[in-house]
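Here is a note to read alongside the model. Please keep the viewer open and find each residue as it comes up.

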Amino acid sequence: LQRNSCCIDPGFAEENTGPEEETMIKIAGNSYLVSPSVPDFHGCSPGWSSAFYGAECFDSEVHSYMENLGKQKSSESQNIDAKKVELEQLLMMETKNYRKTIKFYQKLLQKERRSKGPDQTKSMLPKVRRQLQEMKSKVQFLELVKKYIMYAEQWGVESCVLPTVIHHRRTDTMNVAYTDESSLLLYYNTEKHPCNNQNGVRVLQAGTPLGLMAYLYSRNAFLEGYVQQFLYTFRYFCTQEEFLQFLLDRISSTLSSASLGPSTSLTKICNRSFYILQAWIEDCYSVDFATNTDLLCTLNEFISSKVASLNGYGERLLSLLEDVSARRSGSAHQCSSMDKCEEEGEDRKALHSLCKKLSEDVSRKAFLHVFFLQNFNWKLSKGMGPIAQCPREQLYTMSSVLPKPCYNSFTEDFPVSFAKADEVGPYLLIEYSVQQLCCQLTLLQQEVFHKCHPVHFLNSRALGVRDKCVAVQKAVSTETVSLKVCNLFLSKCIQDQYLLQLLRNAESISTWVAAEIVTCHTSKLQVSLLSKFLLIAKCCYEQRNFATAMQILAGLENLIVRQLPAWKILPAKVAEIMEELKAVEVFLKSDSLCLMEGERFKTLPTIPSAHVLAMHVQQLETGGFTMTNGAHKWAKLRNIAKVVSQVHAFQENPYTYTPDFKLQAYLRQRITHFKDADISALAADNCANFHQIPAEKHSRKIQDALRRMKATFQ
């Protein structure tokens, strides 16, 4: 089972093994407010699998393994500290062995590449690979057991203690009139628990905002996946400020009493508060804290003034905030630097020379035709001859139709040769193979997809997202989006609007596809580009890059593009791909979890269509969120969290294609060049987009008509 936080990738960094292994089995002496070790500090978030699988995430094997931990004899009583010590030691040894095996596997790969003839290394590689998978699964399983002990066994409280979580805000108010649990939370009974075979298990159905926040402290909250589901969906019934204040109140009221003992409710409440806070920071910093400076300042001030002076956990939280902030700013700087061309000197000259040759040398048509035949696996029909090349003076510049280029961070500071890539037109697209273009478009799409968060897909109606992407206005900036539509979040809840940027990027690619086709000055070149884009889309969805595949489909389904004469001379095998793409679109729209079926999503990279996913979430958001008594429907929120959790699941397995920065820069420039283009205006200036009647045939028809009329008068 792969998880967002527990999964250890074979390519993880190995330079930190020493300090981690030294601190893994250390346990605090007399202080029961346990400050987690370095490995624990970055792993409090339950991960997407907790929200997706729920109670099924911890199967019967985890329960039985946990029961046997820390017991030398079957008659001995269980001890939570003994369980932790034994588990940490096992995890340390398995992780160490796993890292050593990775190093050994990498050495075997290098040796196998250097060897030319038959070698024993080749027979060893499959065995070591299987061993790696087994060791990886074991490490993941031990991490899962560790989280079970940490969240459920050690710091979870029973349901009867939840009123204490709500009312105990001061250490001197022990005797308070508790609100009955039934007024805060509603349950329904199940006949049998799917994991531990217990009868009469209560499942949360609805609750008040205060009751839903208090349920985070329940022993079953983590086991049911409630913690991660709550972090995804709490904005429907409380603001970020209200949730933070709730956690800070629990910490303030229990911090000084946490030394009473590990089994006391106050100690559990205090520790659970810290770990929920840390899980929130780890999982939702980009959507809650990075966009709300007041919220971040409140948290920093509280930790510095009230927590840091009492124990080491406050310092660790401050360090975590700094690390997450630095990581976010570092990734933003990296993304902006990737937009600039690397090795500008020689690359700039090389591409400029290529552009010049493509635009001036008429004899290049034969060379392009050879490339075109080599890059496709299907045979051209007899009617298709060499691609005709127009003289340079007949090439369209389209300067009167296209909007003035505005190179933002997406294509900032391009070299002069890239800025003049419109002189080449679509010829570079023809020269590159389908696989090359598919890989680089996938990497570009992955770059923007990995910046999104599951929360970005919630409440999209309030952002103006409709059933068609055209509803997202290009001219409207992110800051000025109208919120006249019903806002499902609370009015004071700040919402990050990155989804609009994601959808605008998708629309830009669709517009680019349509513009490249309608600006081709010959119908044969249009056929070549139509075939190229259809094959790229097919390659994308076969590689599970459904986002780019659907963007190309949207460009090909443009009303102007669909009416081009080139479709009539398109090879039949290539034309069939259009129907395949439409079938894929129907499949994606049929089920919100269709991409999570089976085991392929766990091992193969996937990029979903952002618009299709947003529409699925909107469908789940339809209808009321509250019951007649005012309680919020947790079953509805749970389903929404399950659907959006697949965003983190897909981000866990990135594509590992080798980037071609020169091709990526060319694609970025072309997409930016056409992103706001008027397709109908572009098509109107190109005679290849209209059905032509040959002049001789037309004059012959007129002569025949005149001859018939003359015969009638004789």
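1. Start with Tyr226. Its relative accessible area is 1%. The cut-off for buried is under 20%, so Tyr226 counts as buried. Bear in mind that this is a predicted model.

2. Now turn to Tyr215. Its relative accessibility is also 1%, so Tyr215 counts as buried too.

3. How many aromatic pairs does a search of the whole structure find? The search gives 26. Tyr215 and Tyr226 form an aromatic pair.

4. Next, look at Tyr236 and Phe489. They also form an edge-to-face pair, at 5.1 Å centre to centre and 80 degrees between the planes. In the chain they are 253 residues apart. Tyr236 is in the loop between α10 and α11 (240–254). Phe489 is in the loop between α19 (434–449) and α20. Are these two residues buried or exposed? Both Tyr236 and Phe489 are buried.

5. Ring pairs also build a cluster. Tyr215 and Tyr226 belong to it. Among the other members are Tyr187, Phe230, Trp280 and Trp634.

6. Move on to helices α20 (residues 498–518) and α22 (residues 546–556). Their axes come within 8 Å and cross at roughly 45 degrees. That angle makes α20 oblique to α22. The crossing is right-handed. Which residues of α20 make the contact? They are Ala506, Ile509, Ser510, Val513, Ala514 and Ile517. From α22 come Gln551, Ile552, Ala554, Gly555 and Leu556. The contact residues divide into eight nonpolar, three polar and no charged.

7. Finish with helices α21 (residues 523–542) and α24 (residues 572–590). Their axes come within 9 Å and cross at roughly 40 degrees. The two helices are therefore oblique to each other. This crossing is left-handed. On the α21 side, the contact includes Leu534, Lys538 and Tyr541. On the α24 side, it includes Ile577, Glu580 and Val584. Nine of the contact residues are nonpolar, one is polar and two are charged.

Key:
Residues are numbered from 1 along each chain as its sequence is written. This is a predicted model: local features need pLDDT of at least 70, side-chain atom pairs count only at pLDDT 80 or more; totals for chains, interfaces and linings use all residues. Side-chain values use heavy atoms; hydrogens and water are left out. Axes are lines fitted to C-alpha atoms, for helices over the stretch in contact, and angles run from 0 to 180 degrees between N-to-C directions. Helices (H or I, at least four residues) and strands (E, at least two) are DSSP runs, numbered from the N terminus. Angles under 35 degrees count as roughly parallel, over 145 as roughly antiparallel, 65 to 115 as roughly perpendicular and the rest as oblique. A crossing is left-handed if the near helix is turned anticlockwise from the far one by less than a right angle, and right-handed if clockwise. Contact means heavy atoms within 4.5 Å. Ala, Val, Leu, Ile, Met, Phe, Trp, Tyr, Cys and Pro count as nonpolar, Asp, Glu, Lys and Arg as charged, and the others, Gly among them, as polar. Rings of Phe, Tyr and Trp (its six-membered ring) pair if their centres lie within 6.5 Å; planes under 30 degrees apart count as stacked, over 60 as edge-to-face and the rest as tilted. Buried means under 20% relative accessible area, exposed over 50%, partly exposed in between (1.4 Å probe, protein chains only).
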